[in-house]
Amino acid sequence: MFPSLLIFCLLCFAAASTGAIFKPGAWYKGLAKPSWTPPNWVFPVVWTILFAMMAIAGWRVWKAAGVEAWPSLALFVLHLGVNAAWSYLFFGRRRLDWAMVDVLTLAAMVAVLTLSFLCVDEIAALLLVPYLAWVCLAATLNFRVLQMNGPRGEGRTAT
């Protein structure tokens, strides 16, 4: 039981590690951002909780259906790659436009993943609902920052 949970934790936190590798830094600080942007400390706290919930959700699906749930679990792993790509695109490449495409793709994938998990384990699906809400907020924030700064964050900057 616990070795499989550990595997899901490792998968999720491997995806999360891109957030530690590609950090906001001075470039992000200089971007114009909407007034409703959460404080910087909120992001690692929320993402840590969400990645833990994702790991538990994936594990519950595995525990409930095993290899029979391979389409849902394959989507789970694929979505982690899309999630991991966002930090690289936004902070690493400084491509707000590419990150926008990524986060919209991620939101769609999380919605489908939630429905897919619902067919196997209701609690697993419910564990993904806050994640979907946060990704939608992140997409909205990404969109506003893109609008305010241009595709490479070279437009207007905060003063």
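**Starting with one residue**

Me: In which helix is the place of leucine 96?
Reply: Helices here are DSSP runs of H or I with at least four residues, strands are runs of E with at least two, and both are numbered from the N terminus. Going by that numbering, leucine 96 belongs to helix H5.

Me: Before we go on, what kind of model is this?
Reply: Residues are numbered from 1 along each chain as its sequence is written, and side-chain values use heavy atoms, with hydrogens and water left out. Local features need pLDDT of at least 70, side-chain atom pairs count only at pLDDT 80 or more, and totals for chains, interfaces and linings use all residues, since this is a model that is predicted.

Me: Back to leucine 96: what is its relative accessible area?
Reply: First, the cut-offs: buried means under 20% relative accessible area, exposed means over 50%, and partly exposed is in between (1.4 Å probe, protein chains only). Leucine 96 counts as buried, because its relative accessible area is 0%.

Me: Which residues touch leucine 96, and how far is its C-alpha from that of valine 145?
Reply: A contact means heavy atoms within 4.5 Å. Leaving out residues up to four places away in sequence, leucine 96 touches a list of residues including Trp27, Phe90, Asn142, Val145 and Leu146. Leucine 96 and valine 145 are 49 residues apart along the chain, and their C-alpha atoms are separated by 7.7 Å.

Me: How many helices and strands does the protein have, and in what order do the elements run?
Reply: The count comes to 6 helices and 0 strands. Read from the N terminus, the order is α-α-α-α-α-α.

Me: What is the radius of gyration of the protein?
Reply: This value is taken over C-alpha atoms, and the globule rule to hold it against is 2.2 Å times the number of residues to the power 0.38. For 159 residues the rule gives 15 Å, and the protein comes close to that, so it is as compact as a globular protein of that length, with a radius of gyration of 16 Å.

Me: What share of the residues is buried, and what share of the contacts joins residues at least 24 apart?
Reply: Of the 159 residues, the buried ones make up 44%. Taking contacts between residues at least 6 apart in sequence, the share that joins residues at least 24 apart is 79%.

**Salt bridges and a loop**

Me: How many salt bridges are there?
Reply: The rule asks for a side-chain nitrogen of Lys or Arg within 4 Å of a carboxyl oxygen of Asp or Glu. By this rule, the number of salt bridges is 2.

Me: Which residue is the salt-bridge partner of arginine 60?
Reply: The side chains in this salt bridge meet at 2.8 Å, N to O. The pair links distant parts of the chain, 61 residues apart: arginine 60 is in helix H3 (residues 42-65), and its partner is in the loop between helix H5 (96-118) and helix H6 (122-149).

Me: Where is arginine 94 found, and what is its phi near?
Reply: Arginine 94 is in the loop between helix H4 (70-92) and H5. It counts as partly exposed, because its relative accessibility is 41%. Its phi is positive, in a residue other than glycine, and is near 60°.
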